[in-house]
Amino acid sequence: MDPPEVRTESQLELKGALMRKWIFFTAGVVGIFLIQPGVAQNSNSGPKPNQLAADKPVVQLDQLDPAFDALISPDATLQTVKGGFGFTEGITWVQKRGKSGYVLFSDMWTNQIYKLTPDGQLSLYLDHSGYTGFDIFRVGMASPGQAPNERKWYQIGSNGLALDRQGRLLIATNTGGSIDRIEKNGKRTVLADRYEGNRIIGSNDIIVKKDGAIYFTGGAGDLRAVFMIKDGKVSAAVKDMPAVNGLAFSPDEKYLYVNASVRNYVRRYEVQLDDTVTNGQMFYDMQDDKAPGITDGMKVDTMGNVWETAPGPTIVVISPAGKHLGTIRLPEICANLSFGDTDSKALYIAGRTTIYKIRVKTPGIRYSF
């Protein structure tokens, strides 16, 4: 059974307001605003709407290449599922056999994981999803896009989310310094919090192989790497990239894709039978460090195409051969994405403040539980 949901949407709004009041008090801020989760930024902060995304979000780069048309309609529209958040991350579709599914996602501002149904019904899934201490002013980093005189909302919440092969939620707690698992009874288990004696810091994305091996990006000491949890032990799987962030497997799990955050490129590694990875090669270089946004979350469809968050802000679709097939333009910076709906043909997108969705033709890779 699912971990207990602790709030209705109306209770969630009240709780989020009270939480913000407490944050402002501990930070020594005189002005207190009782508002809904995630709308603390003023009208002059954060990403500005991209009108092109609203007019025509889907862009085919080569009109002579039908490959992109087979993946998404050129007339597909970008829909808003729910807005008003602080900084969303880690969006993951949960599909129960014989039941309607939903997405789970982190809000790094409010330190919570939310549950959101396709029709926009919101509820709180887990509180204190990332940092669980009390001295929050000592941790985290101020959210980007804020002016020097603005009140700072520190990103102390969880980041990446994934499901293991038993359908249990895995959490990259980010500032929490661990990889956690939520058991069927709601109990929280720490799977990893150290590597070679060093505390794990900044855990970001997380994925699970079919055999149960867990991979996540993060740091430990002076090392930034892709780590693997297997048989209760933590090892470093990829150590030759300077700024690891998003992770994804090819459909046959023969390849591991790793992107390089602000460096805006993706490398591909060969996955061995013992789950180690070797022979990293450049897969795709975006060569764009001026547009807003970075390479962050990514997912793979059943045909092996990589759907990658990118500067612009956009989502770029890359063929298994490393060819850029087309682009989805977005109204705001996107941190992560997930294929969802019962047919796995909806792409749910975690914008900075809003959850969007767009229908596609080729389903994404997903497991049902």
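# Close-up views of a predicted model

**View 1. Phe85, Phe105 and Tyr114 form one aromatic cluster.** The model is predicted: local features need pLDDT of at least 70, side-chain atom pairs count only at pLDDT 80 or more, and totals for chains, interfaces and linings use all residues. Residues are numbered from 1 along each chain as its sequence is written, and side-chain values use heavy atoms, with hydrogens and water left out. A search of the whole structure gives nine aromatic pairs. Rings of Phe, Tyr and Trp (its six-membered ring) pair if their centres lie within 6.5 Å; planes under 30 degrees apart count as stacked, over 60 as edge-to-face and the rest as tilted. The ring centres of Phe85 and Phe105 are 5.0 Å apart and the ring planes are at 80°, so this pair is edge-to-face. The pair links distant parts of the chain, 20 residues apart: Phe85 is in the loop between strand 2 (79-83) and strand 3 (88-94), and Phe105 is in strand 4 (residues 102-107). Helices (H or I, at least four residues) and strands (E, at least two) are DSSP runs, numbered from the N terminus. Phe85 is buried at a relative accessible area of 2%, and Phe105 is buried at 0% relative accessibility. Buried means under 20% relative accessible area, exposed over 50%, and partly exposed in between (1.4 Å probe, protein chains only).

**View 2. Ile355 lies in strand 27 (residues 354-359).** Ile355 is buried, with a relative accessible area of 0%. Contact means heavy atoms within 4.5 Å.

**View 3. Ser203 sits in the loop between strand 12 (198-201) and strand 13 (206-208).** Ser203 counts as buried because its relative accessibility is 0%. A polar atom of the Ser203 side chain lies 2.8 Å from the backbone nitrogen of Asn174. The Ser203 side chain also reaches the backbone oxygen of Ser178, at 3.4 Å. A polar contact is a pair of N or O atoms within 3.5 Å; within protein, one must be able to donate a hydrogen and the other to accept it, and residues adjacent in sequence count only if both atoms are side-chain atoms. Leaving aside neighbours within four places in sequence, the contacts of Ser203 include Asn159, Ile179, Phe216 and Gly218.

**View 4. Strand 15 (residues 223-230) and strand 16 (residues 233-238) form an antiparallel pair over five bridges.** Two strands pair if DSSP finds at least two bridges between them. Val226 has Val238 in strand 16 as its bridge partner. The hairpin of strand 15 and strand 16 has two residues between the strands, and Asp231 takes a positive phi near 55° there.

**View 5. Four strands form an open antiparallel sheet in the order 17-18-19-20.** Strand 17 (247-249) and strand 20 (277-285) are the edge strands, each pairing on one side only. Neighbouring strands of this sheet are turned by 25° against each other on average, direction ignored. Axes are lines fitted to C-alpha atoms, for helices over the stretch in contact, and angles run from 0 to 180 degrees between N-to-C directions. Strand 18 (residues 255-259) and strand 19 (residues 265-271) pair in the antiparallel sense over five bridges. Tyr255 stands opposite Glu270 in strand 19. Asn264 is in the loop between strand 18 and strand 19. Asn264 is buried, at a relative accessible area of 2%, and its side chain reaches the backbone nitrogen of Thr295 at 3.2 Å.

**View 6. Charged side chains sit over the rings of Tyr102 and Tyr255.** The charged end of Lys115 is 4.2 Å from the ring centre of Tyr102. Arg268 lies over the face of Tyr255, at 4.1 Å from the ring centre. A charge sits over a ring if NZ of Lys or CZ of Arg is within 6 Å of the ring centre and within 35 degrees of the ring normal.

**View 7. Lys96 is in the loop between strand 3 and strand 4.** Lys96 is buried, with a relative accessible area of 16%. Its C-alpha atom is separated by 9.0 Å from that of Gly167, 71 residues apart along the chain.
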